[in-house]
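My notes are in the order I looked things up.

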Amino acid sequence: MHAHLRGKHPLNLSGESQATSGTAVKASDTQKRQSNIFEFSNRPIHERRKQEITEKLIAFVVKDVRPISAIHGQGFQDLIHFFEPGYTIPSRTSLWKQIQCEYDNVKSQLAAELKTQSVSLTTDLWTSVTMDAYITVTAHYITESWQLKSKILQTAIMSERHTAVNISERMNNIVQEWGIDVFCTVHDNASSMNLAMEICDQFPNDLGCSGHTLQLAITAGLSLPDISKAVEAARRVVGHFRCSALATSELKKQQVQLDYKQNKLLNDCATRWSSTLFMLERLFEQRLAVQTVLTDETVTKEAACESLLL
């Protein structure tokens, strides 16, 4: 028992008399003291446990798309220290190296899996809120157990002009990097994208996106004079409430009085026809509350109301 206490629960044995055969170990309370729970919890953790926690931190950053700086904030460090006082969060450089290593492992596994599959691709060029141009390529395939899987092969900045030649070159590089045979590629109906598929030898089959085709058809319908006028008026009304704190506050009061759902008015996006539908449906749902606010001269001036509905 004494050996166990010395090895697993360190004692303060200063001045303790050594035990001899047939003699019990005796010491006063001032001569020995077992470590308390806080001292015990501060002991160094096992390397395996340390690596498991580090892997969970990496998963937190990767799965939730968080910046590495998020785990170096004081609040997050306090949380980790509360659960595992003996653990020290690795440096940014160390974590980044481990993330890159994990990326290489996952990429090699996915590449090996894709080589045995009939792969189709979807691709799109898009612009971020900071006006950076990106290209995203996603692989789609069905496993032997009939499970549909989709894996993003690349999302990268495409700063060069979005010409057919540049798009074709970028797509070729991605296919060669992964070493896959492409059965079909689905893309939007932009002329540059259509031409890129024609000049690219890696893509024998390609299809225009049905969703984009539907968007073009509905957009053409929304551009008819009467419909366009109504949609523009709806956008001005929504914009008025979004720019006026007084109007928004009064709208909430009217929703309570009318026993309406306290839903906010929605704005639409020109490249998503469904958002225009949602905007009009929300306005129709809240029409009485909106009309009451617009006709209240203490909230909306008559001239402003007329300009909104023109």
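I count two strands as paired if DSSP finds at least two bridges between them. Helices (H or I, at least four residues) and strands (E, at least two) are DSSP runs, numbered from the N terminus. This is a predicted model, in which local features need pLDDT of at least 70, side-chain atom pairs count only at pLDDT 80 or more, and totals for chains, interfaces and linings use all residues. Residues are numbered from 1 along each chain as its sequence is written, and side-chain values use heavy atoms, with hydrogens and water left out.

**Entry: strand pairing.** I began with strand 1 (residues 119-127) and strand 4 (residues 182-187). They pair in the parallel sense over four bridges. T122 has V186 of strand 4 as its bridge partner. Next I checked strand 4 against strand 5 (residues 206-208): parallel again, over three bridges. T185 stands opposite D206 in strand 5. H187 has G208 of strand 5 as its bridge partner.

Entry: In what order do the five strands lie in the open sheet? I read 3-2-1-4-5, with mixed pairing. Strand 3 (148-157) and strand 5 stand at the edges with a single partner strand each, so one side of each has no neighbour in the sheet. The twist averages 20 degrees from one strand to the next. For angles, axes are lines fitted to C-alpha atoms, for helices over the stretch in contact, and values run from 0 to 180 degrees between N-to-C directions.

**Entry: helix 6.** Helix 6 packs on the sheet and touches strand 1, strand 2 (133-142), strand 3 and strand 4. Its direction makes about 125 degrees with that of strand 3. Contact here means heavy atoms within 4.5 Å. I then picked S168, which lies in helix 6 (residues 164-178). Is S168 buried or exposed? At 5% relative accessibility, S168 counts as buried. The cut-offs are under 20% relative accessible area for buried and over 50% for exposed, with partly exposed in between (1.4 Å probe, protein chains only). Leaving out residues up to four places away in sequence, S168 touches A196, I199 and C200.

**Entry: helix 7.** I found M193, A196 and M197 buried in helix 7. Seen down the helix axis, the buried residues fall within an arc of 95 degrees, so they line one face of helix 7. The arc is that of the directions from the helix axis to the C-beta atoms. The face turned away from the buried side carries the exposed residues S191 and E198. What covers the buried residues of helix 7 includes strand 1, helix 6, strand 4 and strand 5.
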